[in-house]
Amino acid sequence: MKISRIRSQILVLPQQDPLANTPEDTSAARPIVIVRLDTDDGIEGIGVTFYGGAITASLKRAVDDLGALTIGEDPLRVEAIVDKLRTAAGGAGPAGMFTLALAAIDIALWDIRGKALNQPLWKLLGATSPAKEVERMRRVREAIGPDIKLMCDINQRWRVEQAIDIGRRVEDAGVGLFWLEDVTAHDDYVGLARVNAALATPICGGELVYGIVPFRHMIEARSVDYIMIDLIRVGGITPWIKVAGMAEAFNLPVVSHVIPEIHAHLVAAVPNGLTVEYMGWMLQLFEGTAALENSELILSDRPGLGLAFREDTINRFQVAS
């Protein structure tokens, strides 16, 4: 079964119960976008999204653009499709127009899945199996041996209670994780602190935090043991260094999120810098990237970033504006 077509429409529905203080000129209507995903064997999945307000037309366009990327995909592989759309959207997420548009597609995919399996949605949506999660980690540990540090990135998939439950089971299984990363919603600082207090395994987080102030809230709540800073989301090198200094004041190490080409400089420069996440997403964009030797990045003495754009890469991948 493959997705064969997407159709979307804008509807303006009357509000039966307008909110208080709603402007008079908009109180009588609520614009929404509906979407239909068709499969090649005749199943239609439906979804809906809204909150677009005056830019609902742009929301419809976003739904159409994301929906076009699902054509030819197996609609039963919901997670794979969602990951594909997130990847395609780049840094447009995790909030804003991208998330609003993604919601409609995701809802329609689950509708298709339920219809294909002849099951209501509530039966399809089961909780995580802790035994399965623990078994995965145990097998990875067996494969790499006891001497390699093993980190596990949960990508915000667990509730606080799940994180505590599964984390304790992992500890009991003797997996020996170096850290658990982003175990629950990134901005649930109190929830993260509950997990951190309940587990012996260190907690890492921060890659989704924007700007300086939220890091203060995270640190003050004792949410994490390792502060992960994303150079782009924090706002550049200047705030990155400030967050690292704030973490140092609380005796906390800092680690980086993606962009190792630049992060290598920053982690090396601060006394509490620990590790550089080596993700080669943009290696082909730069000349002069740090050499990788024995799992260590070797910095050069070239001025500035020590990098230059590769013109062949730019010429190959540029998009007409």
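Guide: E207 is buried yet forms no salt bridge, and R233, the nearest side chain of opposite charge, is 4.7 Å away. Buried means under 20% relative accessible area, exposed means over 50%, and partly exposed lies in between, with a 1.4 Å probe and protein chains only. A salt bridge requires a side-chain nitrogen of Lys or Arg within 4 Å of a carboxyl oxygen of Asp or Glu. For charge, Lys and Arg count as positive and Asp and Glu as negative, while His and the chain ends are not counted. The model is predicted, so local features need pLDDT of at least 70 and side-chain atom pairs count only at pLDDT 80 or more, whereas totals for chains, interfaces and linings use all residues. Residues are numbered from 1 along each chain as its sequence is written, and side-chain values use heavy atoms, with hydrogens and water left out.

E207 sits in the loop between β6 (203–205) and α8 (213–220). Helices (H or I, at least four residues) and strands (E, at least two) are DSSP runs numbered from the N terminus. The side chain of E207 does have a polar contact of 3.1 Å with that of H257. Such a contact is a pair of N or O atoms within 3.5 Å; within protein, one must be able to donate a hydrogen and the other to accept it, and residues adjacent in sequence count only if both atoms are side-chain atoms. Apart from neighbours within four places in sequence, E207 is in contact (heavy atoms within 4.5 Å) with D153, E181, D182, M228, D230, R233 and H257.

D182 belongs to the loop between β5 (179–181) and α7 (189–198). Although D182 is not a glycine, its phi is positive, at about 45°, and the residue is buried, with a relative accessible area of 4%.

Strand β7 runs parallel to β6, and two bridges join them; strands pair if DSSP finds at least two bridges between them. In this pairing G205 stands opposite I227.

Just after α6, G174 takes a positive phi of about 70°.

Although E207 has no salt bridge, the whole structure holds 19 of them. One is between E161 and R194, with the closest N and O atoms 3.5 Å apart. This pair links distant parts of the chain, E161 being in helix α6 and R194 in helix α7, 33 residues apart. E161 is partly exposed, with a relative accessible area of 47%, and R194 is partly exposed at 43%.
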